[in-house]
Amino acid sequence: MNLYAKDNPGQRTLIPMGKRTVGKDFVIFAGPCAVENSQQLMEITSEIRPWVDGFRAGFFKPRTSPYSFAGSGSEGLAELSGLKLDLPMVVELMSVEQVKDWADAVDIIQIGARNMYNYPLLEAVAASGKPVLLKRHFSATIDELLMAAEYILSRGNKQFMLCERGIRAFEPRLRNCLDLGTLCLLRQLTHLPVLVDPSHAAGDASLVAPLALAAAAAGADGLLLEVHPNPMEALSDGPQALTPAQLGELAGRIKEMLELLRK
Ligand code: PEP
Ligand code: MN
């Protein structure tokens, strides 16, 4: 039997993360698409701290155009430990070398959608022993995603979660198509926690809250959300970024909704 599959219907992978446990508690990881500088990261994290269980931040960005801003890179990441953020930080690493150099500097290694098929990288994150967040490629089938997960599980790293972030469909008005059917099926097929990233699915901040609420209602274990203090001036993915105030409002609505659903 594949290691991603449940032994029994109630089996869940639990990942202790700060004060929360991914797979048991609903978690929100939020932060900037790309870190522009340490000062900005400090400001965003202190503003959103009351509503989140951890932060996300991109230091190495896989940009479609080589001319786009690609994050503050090694220099930015080197400053991260000095910032004393006190909450777990999810950071994308894009190569085997980056995993060797930076795994210890982050709390959760994110494998971005474009790298879901990068098997040497999956082996390297498995060997790092760090918790991993594996994003679904925008054209990956469910079985391809689960087999990518199997690469990590079969090499002994059981501390990881999946993330649905939208797939490429025929509709150009949406950046991607958030595949909540896959979320529901994954929750049946695997014990691994499944997060949802409505920011990259929507590509538009006005759609992020309804998609986030829908994902939470459909059984997501948590959310990955992009936030920027001034989305109009963001160097990466501004149109889909929530402001800290919008994030706070959304977090409150999600909490209320989940309490209602539990009754
Ligand atoms: C990200 O979360 O920063 C990102 C680049 O997303 P994706 O890999 O899903 O495109
Ligand atoms: Mn982004």
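Me: Helix α8 (residues 205-217) and helix α9 (residues 244-262) pack at an angle of about 25°, their axes 10 Å apart. Why are α8 and α9 called roughly parallel to each other?

Reply: Quick heads-up: this is a predicted model, where local features need pLDDT of at least 70 and side-chain atom pairs pLDDT 80 or more, while totals for chains, interfaces and linings use all residues. Residues are numbered from 1 along each chain, chains are lettered from A and ligands numbered from 1 as written, and side-chain values use heavy atoms, without hydrogens and water.

Now, angles run from 0 to 180 degrees between N-to-C directions of lines fitted to C-alpha atoms, over the stretch in contact. Under 35 degrees is roughly parallel, over 145 roughly antiparallel, 65 to 115 roughly perpendicular, the rest oblique. The α8 and α9 angle is about 25°, so the pair is roughly parallel.

Me: What makes α5 oblique to α6?

Reply: The axes of α5 (residues 142-153) and α6 (residues 180-189) cross at roughly 45° and come within 11 Å. That angle makes α5 oblique to α6.

Me: And why is α4 oblique to α5?

Reply: Helix α4 (residues 119-128) and α5 have axes that come within 8 Å and cross at roughly 40°, which makes them oblique too.

Me: Is the crossing of α4 and α5 left-handed or right-handed?

Reply: Right-handed; that word applies if the near helix is turned clockwise from the far one by less than a right angle, and left-handed if anticlockwise. The α5 and α6 crossing is right-handed as well.

Me: On to ligand 1: which residues are around it?

Reply: Among them are R56, K61, A113, R114, R165 and E226, with "around" meaning a heavy atom within 4 Å.

Notes
Helices (H or I, at least four residues) and strands (E, at least two) are DSSP runs, numbered from the N terminus.
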